[in-house]
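Subject: Structure handover

Hello,

Here is the structure for you to look at. Please open it first, then read my notes below.

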Amino acid sequence: MKTMRLMMKICVCFSLLQIVATVAAFGQGSASLRASVSNPSGTRIAGARVALTDEGTGVLLKSLTGADGSFTIANLVAGTYDLAVTMNGFQDYAQKGIVLTNGQELSFQVTIRTNSVAQSVTVTAEGSPETSVTQATISRKEIAGVAGPFGSAAQALTAAPGVFVYGYGGVAATARSEVVVRGIKAGWSSVNGDALRNGVTFLFDGIPMNNMISNNGQWQTTQIPILDMISDINVDYGPGAPSNRFFDSIGGTVNYIPTQPKLTPGASIAFGTDYGSYNTSISHFIANTGLHKGWSGLLAFGYASNDTFRVGTTGIPTFNAPSSGYAAFVKVEHPFENGTISLGYYHGRNTEFRPNFLPLVPITPASNNNYGDAVTTAGLYGPDQQSNNPEPAPANAQYYSQATSGFYSSLQESLWYKHIKTQSDILYGKLNLQLSPRLTMSSDMWFRHGYRLHDRVVNFYGPNYPVGHEYYDPTSNTIGNNTHMVLALPHDQVTIGGYWMHGDYQNPVATFNPALGTSVTSPSFFNSDHLYNDYGFLFLQDRIDLLNKKLIVTPGAAEQLFRTDYFNNGLAQFPNGNPANDPEQAPATHKNFLEFSPSVGVQYLALDWFTIHGNYAITYQNPTDSAFGANRPTTGVNIALLKATKSVNGEGGFLVTKCPLAIMGTCSLDATYFHDEITNINIVTQLAQVSLPASVALASAVYNGISLNFDNAPTSYFQIHGNAIIQHDYFLSYLPSGSTTNYGGYPISNSPRYTTNLGLTSVVKTSNHKIDLTPGLWWQYVGQRYLFTNVTNAPTEQTVPGYGVVNFNMDGTLNGLLPEWFQKKPVTVSFGVENLLNKEYNPTAYITSGGYFGTSFGGYTLVDPGAPREYIVSLNFGVK
């Protein structure tokens with residue numbers, strides 16, 4: 001408690017400093033210079049060094065770009081100045097003769113180019129010049145290339161090395177997916193067996209989107225249903241440097257950067273609309289005011305809808321499972337004499353009907369040792385049917401499986417449907433201050449509200465099934481503050497800061513059957529939990545420049561605090577429920593963890609075209625809700641033995657930005673070896689029958705491998721992009737609850753051994769430059785994965801085959817199509833084909849214990865198929 005109070009006081013002090021500095025800053029009246037630094041694709045560059053020299057006096061002022069890529073130098077006297085911007089891996093930028101008058105506030109855009117032309121238009125994955133952490137930046141061009149016009153926020157991440165995505169909705173933005181970053185997972189998991197389900201932090205404009213404590217789905221991919229709002233995506237691999245780390249950053253940190261307000265005069269509006277297979281329709285607009293009377297504003301909105309591709313059931317009408325999502329984003333920004341202040345609000349909401357799992361092979365009386373059960377397109381028939389008089393299946397019923405009812409088959413809505421809603425609201429403010437030529441401060445404050453509805457109705461088992469209707473609607477509320485101060489010294493950049501977050505999470509679950517007289521308020525089974533969390537993080541980081549800035553060493557240290565208060569409020573939430581029908585009997589409890597997290601990064605520019613980088617970090621993560629008692633019986637919780645999840649991460653690699661032969665044009669190649677050892681993991685197995693409590697296994701695991709990324713542009717009209725990862729992920733130990741069998745040495749379930757992305761893009765221009773065509777072809781391969789079995793709640797060595805998918809995209813730019821007074825930018829028409837070769841594959845699979853389809857036996861495999869070939873056409877244009 002003393003440490004928590006201390007950290008809260010520190011955060012309060014930072015906030016007070018922010019207020020005082022803001023008031024003082026608004027009182028200044030001298031000239032100021034502000035600029036936003038980005039690469040040619042629009043990605044804003046953080047940590048670039050800025051030098052401004054007064055030509056008359058020779059006084060040199062220095063600054064650094066902040067997280068949003070901008071800098072402000074204030075308190076300038078009237079005169080003429082020379083500006084220089086430098087950044088490792090980029091060409092130097094210089095502009096002379098900038099004239100400032102008294103009281104003038106000058107804002108403009110700075111574009112710096114990478115040493116490799118190919119890198120400026122594609123993914124770069126290398127050691128960060130500021131922290132030596134392995135990073136990747138996915139530009140807007142890359143997002144469109146791999147995700148297509150209607151792709152999801154998750155699918156866009158597959159452009160980064162070592163990232164793959166799987167789920168039940170293909171690439172559609174309105175369906176949830178799980179993201180795998182070098183083996184560590186996040187997002188919604190449809191199957192058990194993940195060593196870490198919440199090992200990656202997801203940010204929107206630098207603000208955390210993750211629920212702080214939920215076991216599954218701390219972040220939902222459908223929180224960002226409109227990808228057109230996103231300008232670029234930054235990915236930090238591993239825990240990262242303390243200055244970029246959050247509470248779930250064991251496996252990485254992903255920052256979705258939305259389109260930002262313009263800092264130059266002139267209003268503009270951009271429109272776009274897309275149409276495609278399975279009634280896919282997406283529309284969006286982005287309105288930008290430009291800089292007007294010292295303020296700039298942006299308003300963006302988008303709406304998406306589509307049906308499922310799971311409509312291939314033979315002989316029966318199937319449910320088209322309509323899904324839709326929309327998002328709105330508004331942000332205003334005000335640059336002043338020595339900084340900027342901005343306010344933003346994001347609202348994302350998604351509604352979908354999720355298709356059910358599908359048996360890989362038919363479940364017939366003969367296939368299950370003559371138990372007599374049959375899983376059919378008309379329901380479950382046989383001894384396990386929940387009926388007073390079980391009857392044989394109707395004559396027209398088929399065995400329900402990929403082999404018999406169709407590869408993409410699904411059940412009728414009258415038998416089975418699952419309605420899911422997700423919503424995320426984020427209100428935030430950002431303040432960046434230049435307190436002196438060497439001292440800057442940034443502070444983010446936010447409130448986030450999260451909501452999820454999980455409404456499942458199953459008539460598959462017969463009329464007397466007591467839990468045929470499942471209603472689950474958790475909510476979470478989070479407030480937080482993240483404040484950093486950066487002191488730029490001649491050979492050092494010292495950063496000190498931290499964040500504090502408070503979360504409130506409730507997750508009531510009710511199952512019932514109206515035919516049996518039960519309801520959501522008087523359920524057959526129920527449980528509910530209420531958890532409060534306080535997370536504190538205080539760090540000190542120093543970037544030391546040596547050998548004329550060729551060698552960068554970045555030591556860091558952080559103190560992490562996690563506090564959890566757990567309350568079992570099932571009877572309070574469901575006062576009409578029978579206490580005997582609450583399978584969760586864990587008592588109220590609380591637990592604190594205080595952990596020290598050291599780190600060090602090294603980067604050495606051995607040659608102008610050859611850089612070596614490495615990083616070592618120890619970090620911790622709070623256990624999820626089930627570790628404290630959620631969905632657990634009394635005997636399942638021993639709070640005294642509970643420990644924070646620990647990660648020890650080490651990695652090293654190199655970057656080459658020169659081709660071996662001049663004829664090859666421009667090249668870049670980077671390779672990174674990584675090794676993550678994670679201990680004190682609580683792995684939760686939740687069965688489909690929610691009336692049964694969850695099972696928890698204690699485990700430790702290793703993720704290690706080699707990640708490769710390369711780009712080659714032999715000419716300005718043709719480019720090759722590729723990345724691959726080879727890894728070996730396995731459990732050091734895995735001990736299921738109530739078992740004496742340790743599965744140490746077994747492979748981690750659902751983690752592929754290989755993933756590969758290979759892309760070819762070209763540019764074709766007409767002689768009059770009225771039409772530019774940019775075709776692109778991408779091949780994405782995911783290697784075999786190992787299955788998890790719910791029968792023994794353990795990993796297996798049984799595999800599901802790997803698969804490769806080819807995607808095609810063509811952008812056509814029409815210049816001068818609209819009148820000059822009307823047109824803001826060229827009209828772009830895009831055509832995309834996902835899964836060009838119509839490959840049949842199953843990205844999701846597991847071995848069921850029988851609960852999903854209500855059989856008294858298990859051991860058979862259930863799958864979710866990937867999407868077949870899909871087409872889409874989009875139109876985008878902007879006006880003044």
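**The disulfide**

Cys 667 is buried, because its relative accessible area is 9%. Buried means under 20% relative accessible area, exposed means over 50%, and partly exposed lies in between (1.4 Å probe, protein chains only). Cys 659 also counts as buried, at 9% relative accessibility.

Before going on, note that this is a predicted model: local features need pLDDT of at least 70, side-chain atom pairs count only at pLDDT 80 or more, and totals for chains, interfaces and linings use all residues. Residues are numbered from 1 along each chain as its sequence is written, and side-chain values use heavy atoms, with hydrogens and water left out.

Back to the cysteines. Cys 659 and Cys 667 form a disulfide, with their sulfur atoms 1.7 Å apart. The term covers a pair of cysteine sulfur atoms within 2.5 Å. The link of Cys 659 and Cys 667 is right-handed, with 95° about the S-S bond. How many disulfides does a search of the whole structure find? It finds 1.

**A sheet**

Look next at strands β4, β1 and β7. These 3 strands form an open sheet in the order β4-β1-β7, and the pairing is mixed. The edge strands are β4 (70-76) and β7 (105-111), each pairing on one side only. From one strand to the next, the twist averages 15°. For such angles, axes are lines fitted to C-alpha atoms, for helices over the stretch in contact, and angles run from 0 to 180 degrees between N-to-C directions.

Strand β1 (residues 31-38) pairs with β7 in the parallel sense, over 7 bridges. Two strands pair if DSSP finds at least two bridges between them. Strands (E, at least two residues) are DSSP runs, numbered from the N terminus. Ser 38 stands opposite Thr 111 in β7.

**A nonpolar patch**

Leu 669 is found in strand β37 (residues 666-685). Leu 669 counts as partly exposed because its relative accessibility is 36%. Leu 669 is one of the residues in a nonpolar surface patch; others include Tyr 604, Phe 710 and Trp 779. Together the patch residues have about 740 Å² of accessible area. Areas come from the Shrake-Rupley method with a 1.4 Å probe; for residues, only the protein chains shown count as cover. Patch residues have over 30% relative accessible area and no salt bridge, and nonpolar side chains (Val, Leu, Ile, Met, Phe, Trp, Tyr) are joined within 5 Å. A salt bridge is a side-chain nitrogen of Lys or Arg within 4 Å of a carboxyl oxygen of Asp or Glu.

Key: Patches are made of residues with over 30% relative accessible area and no salt bridge: like charges are joined within 9 Å, nonpolar side chains (Val, Leu, Ile, Met, Phe, Trp, Tyr) within 5 Å. Helices (H or I, at least four residues) and strands (E, at least two) are DSSP runs, numbered from the N terminus.
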